[in-house]
Amino acid sequence: MVGIITEIAKPTGRWKYLILWFIKSKEHRYSEIKAFLGDIPQCSHKKQLRELETDGLINRKIYPEVPPRVEYSLTTKERNSFLLLI
């Protein structure tokens, strides 16, 4: 139980919980996440996503296409934590 509480308390930031909630069920592209969050500055959006990735809560998958496509999804560990909370 302590591990779950640690993971829940880990993300700090105004938008992180909304990002995690939005990508809980499937992969989403950067633009989809930005559209969901609405009026968030681009620098904040990028920073929040990078911090979540560094913390090991989300995966970032880059497709070698032109233009580049990047999709974000929950890590397996984080997906299991969401299932425990529901």
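The following legends describe close-up views of one predicted model. Local features are reported where pLDDT is at least 70 and side-chain atom pairs count only at pLDDT 80 or more, while totals for chains, interfaces and linings use all residues. Residues are numbered from 1 along each chain as its sequence is written, and side-chain values use heavy atoms, with hydrogens and water left out.

**View 1. Overall fold of the chain.** The secondary structure comes to five helices and three strands, where helices (H or I, at least four residues) and strands (E, at least two) are DSSP runs numbered from the N terminus. Along the sequence these elements follow the pattern α-α-β-α-α-β-β-α. Of the 86 residues in the chain, 34% are buried, a class defined by a relative accessible area under 20%, with exposed meaning over 50% and partly exposed the range in between (1.4 Å probe, protein chains only). Among the contacts with a separation of 6 or more, 48% come from residues 24 or more positions apart, a contact being heavy atoms within 4.5 Å.

View 2. A search of the whole structure finds two aromatic pairs, with rings of Phe, Tyr and Trp (its six-membered ring) taken as paired if their centres lie within 6.5 Å, and classed as stacked for planes under 30 degrees apart, edge-to-face for over 60 and tilted for the rest. Trp21 and Phe36 are stacked, with 6.0 Å from centre to centre and 25 degrees between the planes. Because Trp21 belongs to helix α2 (residues 16-22) and Phe36 to helix α3 (residues 30-37), this pair ties together parts that are 15 residues apart in sequence. The rings of Phe22 and Phe36 have centres 4.2 Å apart and planes at 10 degrees, so that pair is stacked as well. It links Phe22 in helix α2 with Phe36 in helix α3, 14 residues apart. Trp21, Phe22 and Phe36 form one aromatic cluster.

**View 3. Charged ends over aromatic rings.** The charged end of Lys24 sits over the ring of Trp21 at 4.0 Å from its centre, and the charged end of Arg69 sits over the ring of Tyr63 at 3.7 Å from its centre. A charge is assigned to a ring in this way if NZ of Lys or CZ of Arg is within 6 Å of the ring centre and within 35 degrees of the ring normal. Tyr63 also has Arg69, in β3, as its bridge partner.

View 4. Three strands form an open sheet in the order β1-β3-β2, with antiparallel pairing, where two strands pair if DSSP finds at least two bridges between them. Since β1 (28-29) and β2 stand at the edges with a single partner strand each, one side of each is left without a neighbour in the sheet. Strand β2 (residues 58-63) and strand β3 (residues 69-74) pair in the antiparallel sense over six bridges, and these two strands form a hairpin with five residues between them.

**View 5. The surroundings of Ser73.** Ser73 is placed in strand β3 and counts as buried at 10% relative accessibility. The bridge partner of Asn59 in β3 is Ser73. Leaving aside neighbours within four places in sequence, Ser73 is in contact with Ile23, Glu27, Leu57, Ile58 and Asn59.

**View 6. Helix α4 and its buried side.** The 13 residues of helix α4 (residues 42-54) should span 18 Å at 1.5 Å a residue, and the end C-alpha atoms are 18 Å apart, which agrees; the expected span is 1.5 Å times one less than the number of residues. His45, Gln48, Leu49 and Leu52 are buried in α4. These residues cover an arc of only 95 degrees around the axis, which puts them on the same side of α4, the arc being that of the directions from the helix axis to the C-beta atoms. The buried residues of α4 pack against α2, α3, β2 and β3, while the face turned away from the buried side carries the exposed residues Cys43, Lys47 and Thr54. Gly56, which follows α4, has a positive phi near 80 degrees.
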